[in-house]
Amino acid sequence: LTINNLNVAVIVKLEPDFSEGNVSYNADGTLNRAETKSILGPHSAIASNAAFYAKVKYGARVAVSTMGPPIAETALQQAQLLCDADELHLYSDRIFAGADTLATAEVLKAGIYKVEGGKVDIVFSGHRASDGETGQTGPQTAWKLGYTFLGNVIDYDVDLQSRLVRAKRLISLQGFYDIIEEVEAPLPVFISVDPSYKALFSTVSQRLAFEKYQKEAKARAENYKQYLKVLNTQQLDINPKLVGLPGSPTIVYKVERIPKAKTSRKAEVVDGTDHEQLARVTAMMYEVLGGMVIK
Amino acid sequence: MMMMSKYQHLYVVIEHEDGKPVPVSLEMLGEARRLMDGFNKRYSSDEKVVAVVLGDNVRKLCEELIFYGADAVIYADSPELRYRRNLIDTKVISQIARSADLAAKFSDGSEFVKPRYMFFAADSIGRHLSSTVLAELESGLASDINKLVIEDLEIKHEHKTKGQTMKYEKTLEMYRPDFSGFLWTTILCLDNRNPAIEREYHPQACSIIPGVFVPIERQVSRRGVIVDYVPKFDEHDLKVKILDRKIVKSVVDFDSHKAIVSFGKGVKDSPEQDIKLVAELAKEIEAEVGISLPISKKPFPVSQGIDSTYMIPDRVIGTSGRKVAPLLYIAVGISGAMQHIAGMKESGFVVAINQDENSPIRDECDIFIRGRMEDVIPLLLEELRKQRPTIEVKK
């Protein structure tokens, strides 16, 4: 065991596939969950890419974790293909169902403690899930773990000797400019990866390592069950009162259609094949643009 | 004398950039003011709107926050707090939220344990800060809220009340639009009264979508209490260092364009060609290009160039993105979900191009061009070129 080793974990989620042709909507515009198949969430995939960067660049050991029903193992397999995971962890128990973000974070915390004997240096998560969209589970898991939370990370590097992470974060403030901030933090850290994150492999040796691990990832994902561990409440040493519905402070009280706001406009309907009418619309458009200077 | 509650007041966590409040901070204060005025009247109480500020040299900002509706401001002023660092900020805010001594500066703090309600901004900073603070305070948090109501509710819940009907007073109903923009989910944060899992969850907290609520009018005659808090730092926490900060300009510039052309899921049949058409239309009238939220989730495959130029979060118009108000707004293949409308309804003249005359956008535009964009846009381009004004500048 050298001091230069790095253990990373990725937290992923199985989510409805929102890509065209796979997503199905009800007549009223709401998601038809029964008809929509599930895949590794797009932000989870980006988090997996960030973990793969650690594997290629630092030879990190990678574990992928998720909480969910048995079907969620497909998300683990898809993530393994992206990051060549050495371990896959599924935290699965009936009593986890219906959890809000705080109760989910409790399970994920307990789970991360089971990875590499609790010696995980960096945990990655996606920016937010496409279905729940709260973006809360990552930072709450970080807090429960006692890890420094770094959000909106677009780039990171690790100094294995000093055990420091340097990361760039993208911060957007309403009505203000965006800021790219460079931060340094001692390991362990929890990184939530910004949607714009892209791993760059600049040296020849990195590109060779990239190819090697990608090949390995493909072979592993084909036999992903060999790498899979399924853990329940007991195996995770979890207090059942802190997870699932009992451990969730929040409930969904009601779901309703958003009432239509009062409209201030009354549309004139124009036939899109009628040249004359479109000529008139064009004239109106130029009129509202008024003083527009055309080059 | 009425019994004091362990949970009192509404704490609003303020965001600012070097002492200048981010708009959502004043929006949250405005909504907090309205809610607590109603609350105090209804329950004959005197609970406060309390702004919480961390920063370096922020005393002046504290006074401003009182003009904008805060009854009290608790601020922690230190060079260590100039820029936002989640770890330190979470600890300081949690110390403030738990301090009866601080609450005693502006109210009877004798029974105070934690705030009753707590607001954060649903932005890059507040989304994460709210999460970690509520993990520390061990209570519930709802995100991306755009409507708030305080009610006494009759609740019957398998876990919370063990199936019994129970009254929950002064409950904050937190309304959250879902990703489709068609559904509103109401989230509650409730104590577990079921004896088997009994537990109190306070504060009831949420993050609030920027641009939704309206600040109250600034009144310099408003008075309030400003409380200076000297935070306790852990040496270890200060090891998280900010090395550099750079301001970046987005490639997308909605503000200096007179026109915006946006597209939505209507481009699905031939996305590559359709998006190119939209871009051509935008170029013709020197418009910036916007998109609806679903497009930023990249629902269909297109070339790398189109993807990285157009299908990016920076271009999203609506509650999950930017609020715009150009002179001319052209919505191409956009159905008109509430979330999108909220971002463009202040536009001057709105033209929709859509095949489906029943889509909600029809009620939100001035001209509804019925037809396939593949047919309509080329005709429009032809007309635009024919009618293009000459360069001649008239005096």
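The second largest cavity holds about 130 Å³ of space. Of the 15 residues that line this second largest cavity, the closest to its centre are Leu173(A), His16(B), Glu17(B), Arg84(B) and Arg245(B). At least two lining residues each come from β8 (164-172) and β9 of chain A and from β2 (16-17) of chain B. The model is predicted: local features require pLDDT of at least 70 and side-chain atom pairs count only at pLDDT 80 or more, while totals for chains, interfaces and linings use all residues. Residues are numbered from 1 along each chain as its sequence is written, chains are lettered from A and ligands numbered from 1 in the order in which they are written, and side-chain values use heavy atoms, with hydrogens and water left out.

A cavity is, on a 1 Å grid over the protein atoms alone, a set of points where a 1.4 Å probe fits but cannot get out, and lining residues have an atom within 4 Å of a point. Grid points are joined across faces, edges and corners, and a volume is the space filled by probe spheres set on the points. Strands (E, at least two residues) and helices (H or I, at least four) are DSSP runs numbered from the N terminus.

By this rule there are four cavities of 30 Å³ or more. The largest cavity contains about 190 Å³ of space. Of its 18 lining residues, Phe149(A), Arg169(A), Arg84(B), Arg85(B) and Asn86(B) are the closest to its centre. β7 (148-159) and β9 (178-186) of chain A, with α3 and α5 (126-137) of chain B, each supply at least two residues of that lining; β7(A) gives the most, with four residues.

Arg84(B) is found in the loop between β5 (72-77) and α3 (86-97) of chain B. With a relative accessible area of 16%, Arg84(B) is buried (under 20% relative accessible area, 1.4 Å probe, protein chains only). Not counting residues up to four places away in sequence, Arg84(B) touches (heavy atoms within 4.5 Å) several residues, including Arg169(A), Glu181(A), His16(B) and Asp89(B). A polar atom of the Arg84(B) side chain lies 3.0 Å from the backbone oxygen of Leu81(B), and one lies 3.4 Å from the backbone oxygen of Arg82(B). Arg84(B) and Arg245(B) are 161 residues apart in sequence, with their C-alpha atoms 11 Å apart in space.

Arg265(A) occupies the loop between β12 (250-257) and β13 (268-271) of chain A and counts as buried at 13% relative accessibility. Its side chain makes a polar contact with the side chain of Asp366(B) at 2.9 Å (a pair of N or O atoms within 3.5 Å; within protein, one must be able to donate a hydrogen and the other to accept it, and residues adjacent in sequence count only if both atoms are side-chain atoms). The backbone oxygen of Glu364(B) lies 3.4 Å from a polar atom of the Arg265(A) side chain.

In helix α1 (residues 42-58) of chain A, 14 of the 17 residues are buried, so the helix is largely enclosed by the rest of the structure. Just after α1(A), Gly59(A) adopts a positive phi of about 60 degrees.

Conventions:
Buried means under 20% relative accessible area, exposed over 50%, partly exposed in between (1.4 Å probe, protein chains only). On a 1 Å grid over the protein atoms alone, a cavity is a set of points where a 1.4 Å probe fits but cannot get out, and a pocket is an open set with protein on both sides within 12 Å along at least five of seven lines; lining residues have an atom within 4 Å of a point.
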